[in-house]
Amino acid sequence: MTSVLFILNDAPYGSERAYNGLRLAGAMTAKAEAQVRVFLMADAVGCAKAGQKVPEGYYNVQLMLGKVLRKGEVALCGTCMDARGLGEAELVEGAQRSTLAQLADWTAEADQVLVF
C-alpha cells in the first residue's frame with residue numbers, strides 16, 4: 001500500500017492551494033491501494049472548521065475534508081490552532097488536534113509527501 005502525506009499551509013479560501021491539495025487528496029482516497037493523510041498547518045487549520053457557509057456554487061473545503069476523512073486521516077497543528085483561536089470543539093468530526101512530532105512520524109512513514 002502506498003502512503004501519501006499532504007501538508008497544507010494556506011487558508012481555506014483566498015487562494016486555491018488548499019482547494020487543490022484537498023481535491024487531489026480526495027481523489028487519492030478513491031484508490032484502494034493508497035493510505036492518505038492530510039496535515040493542516042498555519043492558516044490551513046481553518047479548513048477543518050465545522051459549520052462553514054460559502055456562497056452557492058462555491059467550493060466548500062469542509063465537505064472536501066469529509067471525503068478524505070471517510071478513508072484517510074486529518075490532523076491539525078495544535079500550535080497553529082492556538083495561534084488562530086481555533087478550539088478542538090470547533091473541528092469537523094474526525095479531524096484531530098496534533099503535534100509537530102506526529103507530522104515528523106507521518107513524514108518518515110510516507111512514501112510520498114506533497115506540500116500545498
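This is a predicted model: local features need pLDDT of at least 70, side-chain atom pairs count only at pLDDT 80 or more; totals for chains, interfaces and linings use all residues.
Biologist: Is strand β3 largely enclosed by the rest of the structure or left open, and how many of its five residues are buried?

Modeller: A residue counts as buried when its relative accessible area is under 20%. Strand β3 covers residues 73-77, and it is largely enclosed by the rest of the structure because the number of its five residues that are buried is four.

Biologist: Is Cys-77 buried or exposed?

Modeller: The cut-off for a buried residue is a relative accessible area under 20%. Cys-77 has a relative accessible area of 9%, so Cys-77 is buried.

Biologist: How many disulfides does the count give?

Modeller: A disulfide is a covalent bond between the sulfur atoms of two cysteines. In the model, a pair of cysteine sulfur atoms must lie within 2.5 Å to be counted. By this rule the number of disulfides is zero.

Biologist: Which residue of β3 is the bridge partner of Phe-39?

Modeller: Strand β2, residues 34-40, pairs with β3 in the parallel sense, and four bridges link them. Within β3, the bridge partner of Phe-39 is Ala-75.

Biologist: Which helix makes a right-handed β-α-β unit with β3 and β4?

Modeller: Strand β3 also belongs to a right-handed β-α-β unit with β2 and helix α2, residues 61-71. With β3 and β4, the right-handed unit is made by the helix of residues 78-83, namely α3.

Definitions and conventions. Residues are numbered from 1 along each chain as its sequence is written. Side-chain values use heavy atoms; hydrogens and water are left out. Buried means under 20% relative accessible area, exposed over 50%, partly exposed in between (1.4 Å probe, protein chains only). Helices (H or I, at least four residues) and strands (E, at least two) are DSSP runs, numbered from the N terminus. Two strands pair if DSSP finds at least two bridges between them. A crossover is right-handed if, with the strands pointing away from the viewer, the path from the first strand over the helix to the second runs clockwise.
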